[in-house]
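Let's take a tour of a protein model, one contact at a time. Have the structure open and follow along.

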Amino acid sequence: MESIFTISYTSGTSGNSKGVMLSNANFLSAITNILHFANVFAFKESDVYISYLPLAHVFDRLGCHTMLKQGGAIGFFGGKILNITEDLQILKPTIFPSVPRLLNKVYERVLAGVNEVRVTKRIAFYQGLISKQHYNEKYGWVQNQVFDSLVFSKVRERLGGRVRIIITASAPIAPNIMSFLRCVFCCPIVEAYG
């Protein structure tokens, strides 16, 4: 159990790159903790996980190993991050791991798209967003049949249309962006730490 499973190297932005030795016990403990929170993550055999983050990062490797443990499917993106929307359309993942930097770009793109539509559609979008944010804050709800089908279905389709959970890690994400994305993608977003 204490044998080395992997060596994860830091980027070296604060000096020389460092190799962190992670044991089998480290990884098994992390996977066990992820599965312990099954009421939040609930990885299932029927899930499809998209892997597009660098595998050198422990965050994505934990996601992949957890999916393997649960018997789910893992789809690896085609290698060009600029084409990830095409990969999402093909794979139609149910679990979408991400990082705040990418989610911030998604937020900006969604807002830019909303600002380009007719005024009536823009009003409907913000009406749905305000309503969903209220219920998300008060009750934790991220879904609303009417708004989800009439207003947010096209946004949700950008991730393949089946994402049921987004997991973000590596740095904190702004609460207003997290709330916005929960409502427009109609699914919980969980911030992982550690």
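## Helix H4 meets helix H5

Start with a contact, meaning heavy atoms within 4.5 Å: Val110, Leu111, Val114 and Asn115 of H4 touch Arg122, Phe125 and Tyr126 of H5. Sorted by class, that's five nonpolar residues, one polar and one charged. (Ala, Val, Leu, Ile, Met, Phe, Trp, Tyr, Cys and Pro count as nonpolar, Asp, Glu, Lys and Arg as charged, and the others, Gly among them, as polar.) Helices here are DSSP runs of H or I with at least four residues, strands are E runs of at least two, and both are numbered from the N terminus.

This is a predicted model, where local features need pLDDT of at least 70 and side-chain atom pairs need 80 or more, while totals for chains, interfaces and linings use all residues. Residues are numbered from 1 along each chain as its sequence is written, and side-chain values use heavy atoms, leaving out hydrogens and water.

## Helix H5 meets helix H8

H5 (residues 119–139) also packs with H8 (residues 175–185): their axes come within 9 Å and cross at roughly 110 degrees. Axes are lines fitted to C-alpha atoms, for helices over the stretch in contact, with angles from 0 to 180 degrees between N-to-C directions. The two helices are therefore roughly perpendicular, a label for angles of 65 to 115 degrees.

On the H5 side you'll find Phe125, Leu129, Lys132, Gln133 and Asn136, meeting Asn176, Ser179, Phe180, Arg182, Cys183 and Val184 in H8. This contact has five nonpolar, four polar and two charged residues.

## A salt bridge

How many salt bridges does a search of the whole structure find? It finds three, each a side-chain nitrogen of Lys or Arg within 4 Å of a carboxyl oxygen of Asp or Glu. The side chains of Asp47 and Arg164 make a salt bridge, at 2.7 Å from N to O. Asp47 sits in the loop between H1 (24–36) and S3 (48–51), and Arg164 in the loop between H7 (153–157) and S6 (165–168), so the pair ties together parts 117 residues apart in sequence.

Technical notes. Angles under 35 degrees count as roughly parallel, over 145 as roughly antiparallel, 65 to 115 as roughly perpendicular and the rest as oblique.
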